[in-house]
Amino acid sequence: MPGAHHVEEGRLHGPRAQREHPHEQRLFRLVRAFLAPRVEALRPKDLDMAVFILVHSVETLCIKAVSDRPDYLTNETFLDELGALMQGYLQPAGESARATPKRATGRRRNPASREITTSS
């Protein structure tokens, strides 16, 4: 497919590969490495496409939250909804999902730990 790119063994390939930011390439590799051992249990069978959809969905929602709804950045429900979105996408059809993803600890996160910084 012209203009397509994919992640193979931790490397981004295709025409966009040289334009991708190193952090985005690393994120693609990390998400792929996390999902690869679980691919048989996931609904999407095309791992590269699933990584693309997951990374860009979360990225786009976070960008929109920064620009349109900055209050979401300190709202635990926003994080829960992102988790539910990703879980729903990955989960095979017919399996029930938990209503709210559970956190490892019951402690509330410090909103300052989620501050977004930009470099000029």
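Buried residues (under 20% relative accessible area, with a 1.4 Å probe and protein chains only; exposed is over 50%, partly exposed in between) make up 22% of the 120 residues in this chain. What you're looking at is a predicted model, where local features need pLDDT of at least 70, side-chain atom pairs count only at pLDDT 80 or more, and totals for chains, interfaces and linings use all residues. Residues are numbered from 1 along each chain as its sequence is written, and side-chain values use heavy atoms, with hydrogens and water left out.

**How confident is the model?**
- Where pLDDT is low, predicted coordinates should not be read in detail.

**Overall layout**
- There are 3 helices and 2 strands in the chain; these are DSSP runs numbered from the N terminus, with H or I and at least four residues for helices, E and at least two for strands.
- Reading from the N terminus, the order is β-β-α-α-α.
- Take the contacts between residues at least 6 apart in sequence: 47% of them join residues at least 24 apart.

- Val-51 sits in helix 2, and it counts as buried because its relative accessibility is 0%.
- Setting aside neighbours within four places in sequence, Val-51 is in contact with Phe-28, Val-31, Arg-32 and Leu-35.
- Arg-29 belongs to helix 1 and, at 34% relative accessibility, is partly exposed.
- From Arg-29 to Val-51 is 22 residues along the chain, yet their C-alpha atoms are separated by 8.8 Å.
- Ala-36 and Val-51 are 15 residues apart in sequence, and 9.9 Å apart in space, C-alpha to C-alpha.

- You'll find Asp-46 in the loop between helix 1 (22-35) and helix 2 (47-68).
- Asp-46 is partly exposed, because its relative accessibility is 41%.
- A polar atom of the Asp-46 side chain lies 3.2 Å from the backbone nitrogen of Asp-48.
- The backbone nitrogen of Met-49 is 3.1 Å from a polar atom of that Asp-46 side chain.

**The largest pocket**
- On a 1 Å grid over the protein atoms alone, a pocket is an open set of points where a 1.4 Å probe fits, with protein on both sides within 12 Å along at least five of seven lines; lining residues have an atom within 4 Å of a point.
- The largest pocket holds about 700 Å³ of space, a volume filled by probe spheres set on points joined across faces, edges and corners.
- Its lining has 18 residues, and Leu-27, Val-31, Val-55, Val-58 and Glu-59 lie nearest the centre.
- Helix 1, helix 2 and helix 3 (76-90) each supply at least two lining residues, with the largest share, 7 residues, coming from helix 2.
- By type, the lining splits into 13 nonpolar, 3 polar and 2 charged: Ala, Val, Leu, Ile, Met, Phe, Trp, Tyr, Cys and Pro count as nonpolar, Asp, Glu, Lys and Arg as charged, and the others, Gly among them, as polar.

Methods:
A polar contact is a pair of N or O atoms within 3.5 Å; within protein, one must be able to donate a hydrogen and the other to accept it, and residues adjacent in sequence count only if both atoms are side-chain atoms. Contact means heavy atoms within 4.5 Å.
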